[in-house]
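Let's take a walk through this structure together. Have the sequence and the 3D view ready as you read.

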Amino acid sequence: MIDEKFKALFNHAPEISSFTPGRVNLIGEHVDYNGGRVLPTALELGVSLAMSPRSDWQVRIGSESFEDVAKRELLDEATDHWSDYITGALQLAHAEGFGPNGANIAVTSNLPFGAGLSSSAAITVGVLSAARDLAEANITDTEIAILARRVENDYIGVPCGIMDQMAVAIARPGQALSLDTESLAFDLVDLPKTHHMAVIHSGVVRKLNEGRYKIRTEECDAIKAAAGRDDICQMTNAEFEALIDLPDPIFRRARHCVFEHRRTLLATEALKTGDIAEFGELMNASHISMRDDFEMSVPAVDALVADAQAFGAIGARLTGGGFGGCIVACVENTRLEAWRDQLLAAHPDAYWVA
Ligand code: GAF
């Protein structure tokens, strides 16, 4: 499919093509830039990409979702255009010594727009991995994820953590990636076969570069300055309580970071021991913390989560960067269809993703 698309655009076959999944985070939100633990899993949906190198410092990018082929130069600065993610990734691959001197690229995605399912990480990781594989360079998936984060932080200008890039580079459907975002040590945990992790879009579109994500990272910087450490999620009770005089909302943001990290550790253990009821309760508690302490939810998402729980999910919560996007709910297989129909009937703007 993607190879055909590439041929139609560029009149020759690609030298490499690949698929990179999107991700959904099961628990552990806004802790990945604060030294905490996260638990994302890969989706079946994602980004397909085909590429062939050029030697003239030009980049040509065609996509199904956008009509024209974008014409960029390899060393272009970011222009706030969708093609920045690809140009930035190629530019960094080149600067690191393994990328080509330009490229033709076709890209298609079946991830919904503005959903918080890491389509941008799937693109940057996909481009960097394709460049690595073309050059047969000896670079690990973790190193690719670190480079992809640099594209977001330094080229695009979004101060995101490392979760999304690690998730799409390493996780596979059916397994959750239990990731220590400080050391980048990880292990893969099987998801229960008796339950689904359902992903539903609230209908509220959000973008990470629209400002509110950055404000949360700045609030966490204030906690870091007060605590004298970057890994604020790892604070003990005494260290956390010593911050009681921080002004509102900074203290509440700190409370979210410390307890969301601990919830994620407990949820990972619950998954490993098959305690799905406990896992669900931790998801519900995570949503309350995101809603009240981190204030990263919106009313449409809160209503969707409340009904997801009321209609029989074991647990449900907002997932991803927040301020709209998707919820994730843990639902028994046998109840999934009835649950979904009831939920979508009650929320006409919401739709089923995965
Ligand atoms: C976005 C960011 F890109 C991640 O790094 C992470 O902070 C997440 O929001 C919230 O957990 O997806």
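We begin with the domains and then turn to a pair of helices.

This is a predicted model, in which local features need pLDDT of at least 70 and side-chain atom pairs count only at pLDDT 80 or more, while totals for chains, interfaces and linings use all residues. Residues are numbered from 1 along each chain as its sequence is written.

The chain splits into domain 1 (2-189) and domain 2 (193-352), with bounds taken from an automatic or database domain assignment. Their C-alpha centres are 25 Å apart. Domain 1 brings 31 residues to the contact and domain 2 brings 41; two residues are in contact if their C-beta atoms, placed from the backbone, lie within 7 Å. On the side of domain 1 that touches domain 2, β1 (16-25), β2 (37-38) and β7 (175-180) each supply at least two residues. Helices (H or I, at least four residues) and strands (E, at least two) are DSSP runs, numbered from the N terminus.

Now for the helices. Helix α4 (residues 141-156) packs against helix α5 (residues 163-170) at an angle of about 145°, and their axes are 8 Å apart. Here axes are lines fitted to C-alpha atoms, for helices over the stretch in contact, and angles run from 0 to 180 degrees between N-to-C directions. From α4, the contact uses Asp 141, Ile 144, Ala 145, Ala 148 and Arg 149; from α5, Gln 165, Met 166, Ala 169 and Ile 170 take part.
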